[in-house]
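User: Hello! I would like a close look at one part of this protein, with some context around it.

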Amino acid sequence: MEDLSCYHCGDTIKSCIKFDEKSFCCNGCKTVYEIFSESGLSSYYDMEAAPGAAPSKYEGKYDFLSNEQIVDKLLEFSDGNVQIVSLYIPHIHCSSCIWILENLNKLRSGISTSQVDFPKKTIRVTYNTEKIDLKDLVLFLSSIGYEPYISLEDTEGAKKKIDRSIIYKLGIAGFAFGNVMFLSFPEYFEVNEYWLEQYKGLFRWLMFSFSLPVVFYAAQDYFISAYKGLRAKILNIDVPLALGVLVLFVRSTLEIIFDWGTGFFDSLTGLVFFLTLGKFFQHKTYSFLSFERDYKSYFPIGITRISAENKEESIHVHDIEKGDRILIRNEELIPVDGILISGNARIDYSFVTGESEAVQKESGDKLFAGGRQVSGMIEMEALKSVSQSYLTKLWSNDVFHVKKEDSFTSFINHISKYFTAVLLIIAFTAAGFWAFLDVGTAINVFTAVLIIACPCALAMSTPFTLGNLLRIFGNKKFYLKNAGVIEQLAKADTVIFDKTGTITSNKKSSISYEGITLTAAEESLLKNTLRASNHPLSRTLYDMLAEYDITPPEEFREVTGKGIEAVHQKQAMRVGSAEFVGNAVTAPTLNTSVHISANNQYKGRYIFFNEYREGVEDLFLDFAPDYKLSILSGDNEGERERLEKLLPGGTEMRFNQKPEDKLEYIGELQKEGRKTIMVGDGLNDAGALAKSEVGIAISENVNVFSPACDAILDASRFGSLFKFIQASKKAMTVIKVSMILSFLYNVVGLYFAVTGQLSPIIAAVLMPLSSISIIAFATVCTNLIGRKI
């Protein structure tokens, strides 16, 4: 029988709920369908098949939104009864999501308007506080399957402003370029019509007018950069660019003032347009991804404090003081270091240490900030404030305050100082020589040299090559922080991998069984015993076992931290630790094991192994000949033997690594002169990702999680990492070839310009042609490189 899919969310139905002749996987999905249908929005389902998400449980999760101080920090606008808020909603994924979220006013009274920003997965909602407050709004969105993601970072300071200046400059330069080209047609074709001759002066002054915003606004960055470079006694690539723009503008202005000719406004505006287009490619990164996240991105904003009167109150996380009693609910992050008072504490520290197994804690044990409670609700006493906790101190390491892009000099900037100096010497020497023979020719030679040798092709080869590769990488789910990361990838000679969640998959694990084969009846009882448990190992083992009829055991008991036992039709089953199931004597293993006994007879154990990502072995073999390889893991050495068989010889493996150990290891490699790439997935890797030349975060969902990094690689493309790095090396080769071609253009052009055989107008025509040819070459080459990834 074919598996049924939920009409709302598309998940496979295990316990079918019928309503309106449609099947749903749970009451939550059925309720959302009812809400949409009653509001006349059932066409939501016509746009996409199963577009929704099953609503999750959220009781008490958003109590902190009752705190006015917290709400004030989240709001964009608040005036009387009208408030506006922008919320990040990870589930937005299709046109149906946009449609339903922009029709919230039809679903809930009090909501005036709602606007979705699809690339950033945010919604901006305007609502009336007399009918609905922020907490109600968030709970309503959660109830229809669009739960917002709200973190401490959302309340920290002003939000970053989006810099659109590059778009404005590109638009102005493009508009001016197009119009100047149009106005230049009569000059190009030497049309001698009387009415055109009559308006020739007007056309020229119009071209002059169009050039003004191009020179003084669109090209201002080149003048500023050149000025700063000269002040610092550095001849950067922008000096000849700025000089070329200035010479073109001044010479063209003089020509129309004294009626010498039409000038070079078309070449001037075209030059600035293409330069700005190159800069646009260079700066065009993926604004909807966050590369700068720290612990604030994942901490809760508010926390529940138990007052002296034994009442619960929601406070901002920064208001926690030493001695406060705090309530931590299931799956919540511990915001401060403290002492466990009561409750069944099982803490998952993989967020901080990388250790994948949850740790059992008893009353009186110390709990560290960053751990996640995974087994019900606990009560703890704060020992420190947020700013003094272990995780915050880890994040205060100096490595997080160093900007990597300031630590290296681009190849183009390295050669530009020599190029600029040589160009200026040639221009002034040639002009000086011709000045003795003919002043007019000297001016033409000086102008022609600066125009034909203007390093625009040289300057554009890098941004167009790297910008196009950024786009290609993004299409293939490898998102880079900026174009400079490609240069660093090409230089790297050492690759370091975290283990858990990086070369292993968080969504998969393999299980082997050692012991006496279970009968069908015993395996059926085991399956039904596991069915009632929410423990992660129980759920993993449950999914692995074959399907059996649902027959709930007559007796069931779960002993926290030890195991579970059940009785059905006088058949007993125990699942858990070796001691719990009956003092079994088994060979020791460092891997996680679940032991089984039936009717007080020990049967065997299921051993859990990490499931390594597809293509890991091939990826390491690709790297092995030319790169030093290392594995750093917060886990124990249980996987060492398996890794030694899987990975090539010479791969260094270090286990039980704390975040500071990873930092220290990378520092040692850098002292040896090595250029490192760190590949990790968790906040515990963030220091190492920041310390290395390139930090790559592996993410199962690029919009939901990524620590501070230089690049985010979708987990599905993990096996292509070597190809991405090789593509980066080839891109640097393309840049060097482009530069050689540009130099050849300049050498040939300079010969004719210096000898007085090249007029400024011909130079102005050839200059953009050389730039276009370089751009075409770089684009075609990078597209070919991209096809091989």
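Analyst: Happy to take you through that. This is a predicted model, in which local features need pLDDT of at least 70, side-chain atom pairs count only at pLDDT 80 or more, and totals for chains, interfaces and linings use all residues. Residues are numbered from 1 along each chain as its sequence is written, and side-chain values use heavy atoms, with hydrogens and water left out.

Helices here are DSSP runs of H or I with at least four residues, strands are runs of E with at least two, and both are numbered from the N terminus. The patch covers about 700 Å² of surface and is built from Trp205, Leu246, Val250, Leu254, Ile257, Phe258 and Trp260. To join such a patch, a residue needs over 30% relative accessible area and no salt bridge, and nonpolar side chains (Val, Leu, Ile, Met, Phe, Trp, Tyr) are joined within 5 Å, whereas like charges are joined within 9 Å. Areas come from the Shrake-Rupley method with a 1.4 Å probe; for residues, only the protein chains shown count as cover.

Leu246 counts as partly exposed because its relative accessibility is 40%; buried means under 20%, exposed over 50%, and partly exposed lies in between.

For context, the protein has 27 helices and 28 strands, and 51% of its 789 residues are buried. Its accessible surface is about 37100 Å², with 54% belonging to carbon and sulfur atoms.

Salt bridges (a side-chain nitrogen of Lys or Arg within 4 Å of a carboxyl oxygen of Asp or Glu) number 16 in the whole structure. In one of them, Asp221 pairs with Lys169, with the closest N and O atoms 2.9 Å apart. That pair links distant parts of the chain, from helix α10 (residues 220-231) for Asp221 to helix α7 (residues 165-188) for Lys169, 52 residues apart. Asp221 is partly exposed because its relative accessibility is 29%, whereas Lys169 has 6% and therefore counts as buried.

Another salt bridge joins Glu379 and Arg325 at 2.7 Å, N to O. Glu379 belongs to strand β15 (residues 378-382) and Arg325 to strand β9 (residues 325-328), so this pair ties together parts 54 residues apart in sequence.

Key: Buried means under 20% relative accessible area, exposed over 50%, partly exposed in between (1.4 Å probe, protein chains only).
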